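Please open the model in your viewer and display it as a cartoon.

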Amino acid sequence: MSHQFGWNSSTAGLVQSSFFWGYALSQLPGGWLSKIFGGRDVLKLGVLAWSLATILVPFVAGFMPGLVLSRILVGIGEGVSPSAATDMIARSIPLQERSRAVAVVFGGLSVGSILGLLLAPSIIQTFGWESVFYVFGVIGIVWCLVFEFVKGGNSPLSGGHIFDTRQWRLNIASPFLTSESQTKSLNEPFKELADSLKDVPWMEFFKSPAVWAMIYAHFCGSWGHYTCLSWLPTYFSEELDLNLTEAAWVSILPSLGSVFITSIAAPFADNLISNGVETTTVRKVCQSVAFLSPALCMTLSSLDLGLPPWEVVAFLTSGLALSSFALSGLYCTHQDISPEYASILLGITNTVGAIPGIVGVALTGYLLDSTHSWSISLFAPSIFFYLSGTVVWLLFASSKPQRFSKGD
């Protein structure tokens, strides 16, 4: 799209960052709505919204305001999803299994990155860049239908309905249709929304040093994650002179490594907790590994050590893969300190965590145009936030349950 429409790095950074505008705006509403209506329904509507908005992109690509708006809508749909998933985990998963549950659910981000980066280049080169938006958008809509089928552990082939065409039609339509009783049940909570919003102990959240540690840690981790997610394919292409497919193959390595590391980190954390190690200690260790590893590897990559390009790739891959220890650190802490308000707490921290997607991605493009230095534009800010985030996390983070009751 950059080549077709003549975008420079600053414009490309603006387009990529626009997703995070919607992502940031929907975090708190997503957490709040998940607490009121339950994470399952919010997650389903979020996936449907971002899938439809993804399909819209080719129709508005030549009109910058329309393109930015479509990406904002994708961000809104995706923004409610982490809080919705967190709500589902907090309601149903015990502490001793929580690291693995979070790793499986949020590890899907890495799996999706791998599949997307593998499939997208060949789809684009065969059918044009527009096709990838259609394909991924349709996949999301199909997911909504499947998600409805597996509600309560049911599959579309269970319950004796395999040859019941009427039941199949009802099942397929159910994500988009509501009965009179369902409409009534959905309308009733809206009468209580204003009161429920007042009942949330917002001030108590911000009196807790542990919450502030979570907020800053989320910001720091997101800076490194989002800037690398957006700019590493370009970095690999320009530094290694790779074509689109080759750059995509290299770009999947951090996500592939994350899947492997997550499979180790999650059982490691759960086993420590089961064996009596204090939960706060486990979360601090895991999050420190998640921050210090990419900081060290980015430092080695940015220094003029005369390293061959593929050694730089190996360092970055290792560092970013080890950052997935955060799934057993920061991302479990919301549920540790308050299962009741876990979705809202994640909404708060993820709102701040989305800021690097808005500022960091665009700033990287601007600095790249100004300095033509990947070390200054991409690596140096990430290293600073990883190191400062480690200090704050070790000093103030806690997984001790907190009531957050008004007047406490």
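**The chain as a whole**

Among the contacts in the chain with a separation of 6 or more, 83% are accounted for by residues 24 or more positions apart. The model is a predicted one. Next, switch to a surface display. The chain exposes about 19,100 Å², and carbon and sulfur atoms supply 67% of that area. Of the 408 residues in the chain, 49% are buried.

**A pair of helices**

Select residues 39-60, which form helix α4, together with residues 64-92, which form helix α5. Two packed helices are described by the angle between their axes and the distance between those axes. Here the angle is about 160°, and the axes of α4 and α5 lie 8 Å apart. Because of that angle, α4 is roughly antiparallel to α5, the cut-off being over 145 degrees. The crossing of α4 and α5 is left-handed. Now show the side chains where the two helices meet: the residues of the contact of α4 with α5 comprise 14 nonpolar, 7 polar and 4 charged.

**A single residue**

Proceed to helix α11, residues 209-240, and select Ser-230 within it. Is Ser-230 buried or exposed? Its relative accessibility is 11%, so Ser-230 counts as buried, the limit being under 20%. Finally, display Gln-16 and Val-361: these are the residues in contact with Ser-230 once its neighbours within four places in sequence are left aside.

Key:
Residues are numbered from 1 along each chain as its sequence is written. This is a predicted model: local features need pLDDT of at least 70, side-chain atom pairs count only at pLDDT 80 or more; totals for chains, interfaces and linings use all residues. Side-chain values use heavy atoms; hydrogens and water are left out. Axes are lines fitted to C-alpha atoms, for helices over the stretch in contact, and angles run from 0 to 180 degrees between N-to-C directions. Helices (H or I, at least four residues) and strands (E, at least two) are DSSP runs, numbered from the N terminus. Angles under 35 degrees count as roughly parallel, over 145 as roughly antiparallel, 65 to 115 as roughly perpendicular and the rest as oblique. A crossing is left-handed if the near helix is turned anticlockwise from the far one by less than a right angle, and right-handed if clockwise. Ala, Val, Leu, Ile, Met, Phe, Trp, Tyr, Cys and Pro count as nonpolar, Asp, Glu, Lys and Arg as charged, and the others, Gly among them, as polar. Buried means under 20% relative accessible area, exposed over 50%, partly exposed in between (1.4 Å probe, protein chains only). Contact means heavy atoms within 4.5 Å. Accessible areas come from the Shrake-Rupley method with a 1.4 Å probe; for residues, only the protein chains shown count as cover.
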